[in-house]
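Hello,

Here is the structure I promised to pass on. Have a look at it first, and then read on for my notes.

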Amino acid sequence: MDPERLSDLDIADVVVSTAGRDQGKLFYVIDADPIYLSLVNGKDRTLEKPKRKKRKHIQKVLRSETRVAEKIRRGDKVLNSELRRDLAYFSREMQSKNLGGS
């Protein structure tokens, strides 16, 4: 695994799980240490109970510049519904690009 790819992950990035039963799902990173990330999606992984996942089992999708991402970076209160709405939007965007680009 390329250490550069793992170190470019930061809080408020949107990532996709590449392993486990949540494979293919989108998450926001809300906390990070050298080995693990804390991930939330507002649905099955809420802010109250984030998913702790090894960095090597996720892949960065994008550096989000949404209002929700800014709130996460500043440490402001974020609602689970805001996370769900943002991630659903990203998911739709990714699907439309994949389908339209074929």
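Below is what I found, going from the overall fold to single residues.

First, a word on where the values come from. This is a predicted model, so I used local features only at pLDDT of at least 70 and side-chain atom pairs only at pLDDT 80 or more, while totals for chains, interfaces and linings use all residues. Residues are numbered from 1 along each chain as its sequence is written, and side-chain values use heavy atoms, with hydrogens and water left out.

**The overall fold**

The chain has three helices and five strands, and along the sequence they follow the pattern α-β-β-β-β-β-α-α. Helices (H or I, at least four residues) and strands (E, at least two) are DSSP runs, numbered from the N terminus. Of the 102 residues in the chain, 34% are buried; buried means under 20% relative accessible area, exposed over 50%, and partly exposed in between, with a 1.4 Å probe and protein chains only. For contacts, the cut-off is heavy atoms within 4.5 Å. Among the contacts between residues at least 6 apart in sequence, 51% join residues at least 24 apart.

The five strands form an open sheet in the order 4-3-2-1-5, with antiparallel pairing. Strand 4 (51–54) and strand 5 (58–63) stand at the edges with a single partner strand each, so one side of each has no neighbour in the sheet. From one strand to the next, the twist averages 45°. Two strands count as paired if DSSP finds at least two bridges between them.

Here is how some of the strands pair:

- Strand 1 (residues 13–17) and strand 2 are antiparallel, with three bridges; V14 stands opposite Y28 in strand 2.
- Strand 2 and strand 3 are antiparallel too, over four bridges, and A32 stands opposite L37 in strand 3. A hairpin through three residues joins strand 2 to strand 3.
- Strand 3 (residues 36–40) and strand 4 run antiparallel and are joined by four bridges; L39 has K51 in strand 4 as its bridge partner.

S38, in strand 3, is buried at 16% relative accessibility. Beyond its neighbours within four places in sequence, S38 is in contact with Y28, V29, I30, D31, P50 and K51.

Helix 2 (residues 67–74) lies across strand 2 (26–32) and strand 5, and runs at about 20° to strand 2. That angle is taken between N-to-C directions on a scale from 0 to 180 degrees, with axes as lines fitted to C-alpha atoms, for helices over the stretch in contact.

L83 counts as buried, at 0% relative accessibility. Its C-alpha atom is 9.1 Å from that of A69, 14 residues apart along the chain.

E82 is also found in helix 3, and is buried with a relative accessible area of 6%. A polar atom of the E82 side chain lies 2.8 Å from the backbone nitrogen of L79. With neighbours within four places in sequence left aside, E82 is in contact with R67, V68, K71 and K77.

A12 is in the loop between helix 1 (3–7) and strand 1, and is buried at 0% relative accessibility. Its phi is near 80°, a positive value in a residue other than glycine. Most residues other than glycine have a negative phi.

T46 lies in the loop between strand 3 and strand 4 and counts as buried, at 19% relative accessibility. A polar contact of 3.2 Å joins the side chains of T46 and E48. The term covers a pair of N or O atoms within 3.5 Å; within protein, one must be able to donate a hydrogen and the other to accept it, and residues adjacent in sequence count only if both atoms are side-chain atoms. Not counting residues up to four places away in sequence, T46 touches V40 and N80.

Finally, the charged end of R52 sits over the ring of Y36, 3.7 Å from its centre. For this, NZ of Lys or CZ of Arg must be within 6 Å of the ring centre and within 35 degrees of the ring normal.

Best wishes
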